[in-house]
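Biologist: Can you walk me through the charged side chains here? I'm new to this one.

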Amino acid sequence: QVQLVESGGGLVQVGGSLRLACTASGLTFNSYAMAWFRQATGQEREFVAAITWRSGVTYADFVKGRFTISRDNAKNTVYLQMNRLRPEDTAVYYCAARPQNPTVDAGLYDYWGQGTQVTVSS
């Protein structure tokens, strides 16, 4: 049984930082592309960042220069370091996994975590 468990969300002030983590079990982690998506209230889920099993990365334009995705294959964990947070970054953040190359299309990911809330106060 595959499980993705996110952690690290919370309440932070504008300009602050948070580090999200997603730990996977039940899959061969170093064979999977991993991604972060987010969903704000009343909005569709949107792509944030992705990383290949070899640590090639892709970012949405709105997070370039502020967020960094990384992975530790020995710990089956993917991270999202979020700096210079803005109120519009407020959302539930989800990690996702797929066995091929990463994509920005949420519908093409096989596994999802339960999400972690990030709230940025102004």
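Modeller: One term to start with: buried means under 20% relative accessible area. By that cut-off Asp89 is buried, and so is Arg38. Keep in mind that this is a predicted model.

Biologist: OK. What do Asp89 and Arg38 form?

Modeller: Asp89 and Arg38 form a salt bridge. Their closest N and O atoms are 2.9 Å apart.

Biologist: Why does that pair tie parts of the chain together?

Modeller: Asp89 sits in the loop between strand 8 (77–82) and strand 9 (91–98), and Arg38 is in strand 4 (residues 33–39), so the pair ties together parts 51 residues apart in sequence.

Biologist: How many salt bridges does the structure hold?

Modeller: Four. One of them joins the side chains of Arg66 and Asp89, at 2.7 Å from N to O. This pair also links distant parts of the chain, 23 residues apart. Arg66 is in the loop between strand 6 (57–59) and strand 7 (67–72).

Biologist: Arg66, buried or exposed?

Modeller: Buried, as is Asp89.

Biologist: Which residues do the shared partners join into one network?

Modeller: Arg38, Glu46, Arg66 and Asp89. Salt bridges that share partners join them.

Biologist: New topic. Which residue does Asp61 meet in a salt bridge?

Modeller: Lys64. Their side chains meet at 3.2 Å, N to O.

Biologist: And is Asp61 buried or exposed?

Modeller: Exposed. Asp61 has a relative accessible area of 63%, and the cut-off for exposed is over 50%.

Conventions:
Residues are numbered from 1 along each chain as its sequence is written. This is a predicted model: local features need pLDDT of at least 70, side-chain atom pairs count only at pLDDT 80 or more; totals for chains, interfaces and linings use all residues. Side-chain values use heavy atoms; hydrogens and water are left out. Helices (H or I, at least four residues) and strands (E, at least two) are DSSP runs, numbered from the N terminus. Buried means under 20% relative accessible area, exposed over 50%, partly exposed in between (1.4 Å probe, protein chains only).
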